[in-house]
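Colleague: I would like to go through this model before using it. Please answer from the coordinates alone.

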Amino acid sequence: MRWKLTPLVLLLMVKIQAQWTLSVELEDIKHETGKIFVAIYDNSLSFRNENLVIRDTILPINKFTGRILFNNMPSGEYAVTLFHDVNDNGKLDTNILGIPKEPYGFSNNPAIRMKAPNFEKCKFTMNSDLLISIIMK
């Protein structure tokens, strides 16, 4: 009887530990210099804290092919932030009020009002391979 349960247990383990590919497509890139910084978060407490990202990448714009792939993503809720460091100084430049002077974007493309959106407005559920499109602002 014990040997009959083994395939079922293995199937459940594979299902629980499923790994997916997140493809992030960027729209409205207007500059041909600098780098794109992308960060992925998995909860509201860590959201937008660069020290608490679960995955990130920095991609020179001249190597950007239209999509950025993140392989081996477990099922769950995530949110993506990104910015295009046009002047290649390693940071998102802002004006005196904290408003970005360089292009940026968030998953779900939420409307930007007086402040940056929270995790809830940017989150998406990943339980299969997924393509998201982010419009640069």
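What follows is a set of questions and answers on a predicted model.

Colleague: How many helices and strands are in the protein chain?
Modeller: Read along the sequence, the pattern of the protein chain is α-β-β-β-β-β-β-α-β-β. That pattern corresponds to 2 helices and 8 strands.

Colleague: What share of contacts in the protein chain, between residues at least 6 apart in sequence, joins residues at least 24 apart?
Modeller: The protein chain has 137 residues, and 33% of them are buried. For contacts between residues at least 6 apart in sequence, the share that joins residues at least 24 apart is 70%.

Colleague: How much of the accessible surface belongs to carbon and sulfur atoms?
Modeller: The accessible surface of the protein chain is about 9100 Å². The part belonging to carbon and sulfur atoms is 55%.

Colleague: Which strands are the edge strands of the open sheet of 3 strands?
Modeller: The order in this open sheet is β4-β1-β8, and the pairing is mixed. From one strand to the next, the twist averages 25 degrees. An edge strand here pairs on one side only, which holds for β4 and β8.

Colleague: Which residue in β4 stands opposite Leu22?
Modeller: Strands of a sheet pair through backbone hydrogen bonds, in parallel or antiparallel fashion. β1 and β4 run antiparallel and are joined by 6 bridges. Opposite Leu22, the residue in β4 is Phe70.

Colleague: Which residues have the most contacts inside the largest nonpolar core?
Modeller: The largest nonpolar core has 20 residues. Elements that give two or more residues to this core include β1 (19-27), β4 (67-74) and β5 (76-85). Those with the most contacts inside the core are Leu22, Val24, Leu26, Ile68, Phe70 and Val80.

Colleague: What does Leu26 touch, not counting residues up to four places away in sequence?
Modeller: Leu26 is one of the residues with the most contacts inside the largest nonpolar core. With residues up to four places away in sequence not counted, Leu26 touches Ile36, Phe64, Gly66, Ile68, Leu82 and Ile134.

Colleague: What is the centre to centre distance of the aromatic pair of Phe37 and Phe83?
Modeller: A search of the whole structure gives 5 aromatic pairs. In the pair of Phe37 and Phe83, the planes are 10 degrees apart, so with stacked meaning under 30 degrees, this pair is stacked. Phe37 lies in strand β2 and Phe83 in strand β5, 46 residues apart. The distance, centre to centre, is 4.7 Å.

Colleague: Is Phe37 buried or exposed?
Modeller: Leaving aside neighbours within four places in sequence, Phe37 is in contact with residues including Thr57, Ile58, Phe83 and Gly90. C-alpha to C-alpha, Phe37 and Gly90 are 8.8 Å apart in space, and they are 53 residues apart in sequence. Buried means under 20% relative accessible area; Phe37 has 17%, so Phe37 is buried.

Colleague: Which residues form one aromatic cluster with Tyr41?
Modeller: Tyr41 counts as buried because its relative accessibility is 3%, and Phe47 counts as buried at 12%. The residues that form one aromatic cluster with Tyr41 are Phe47 and Phe119.

How values were computed: Residues numbered from 1 in each chain as written. Predicted model: local features only at pLDDT ≥ 70, side-chain atom pairs only at ≥ 80, totals over all residues. Heavy atoms only, no water. Core = buried A, V, L, I, M, F, W, Y, C linked by side-chain atoms within 4.5 Å. Buried < 20%, exposed > 50% of the residue type's maximum accessible area, 1.4 Å probe, protein only. Helix = DSSP H or I, 4+ residues; strand = E, 2+ residues; numbered from the N terminus. Contact = heavy atoms within 4.5 Å. Phe/Tyr/Trp six-rings, centres within 6.5 Å; stacked < 30°, edge-to-face > 60°. Pairing = 2+ DSSP bridges. Axes fitted to C-alpha atoms, helices over the stretch in contact; angles between N-to-C directions. Areas by Shrake-Rupley, 256 points an atom, 1.4 Å probe, with all protein chains shown as cover.
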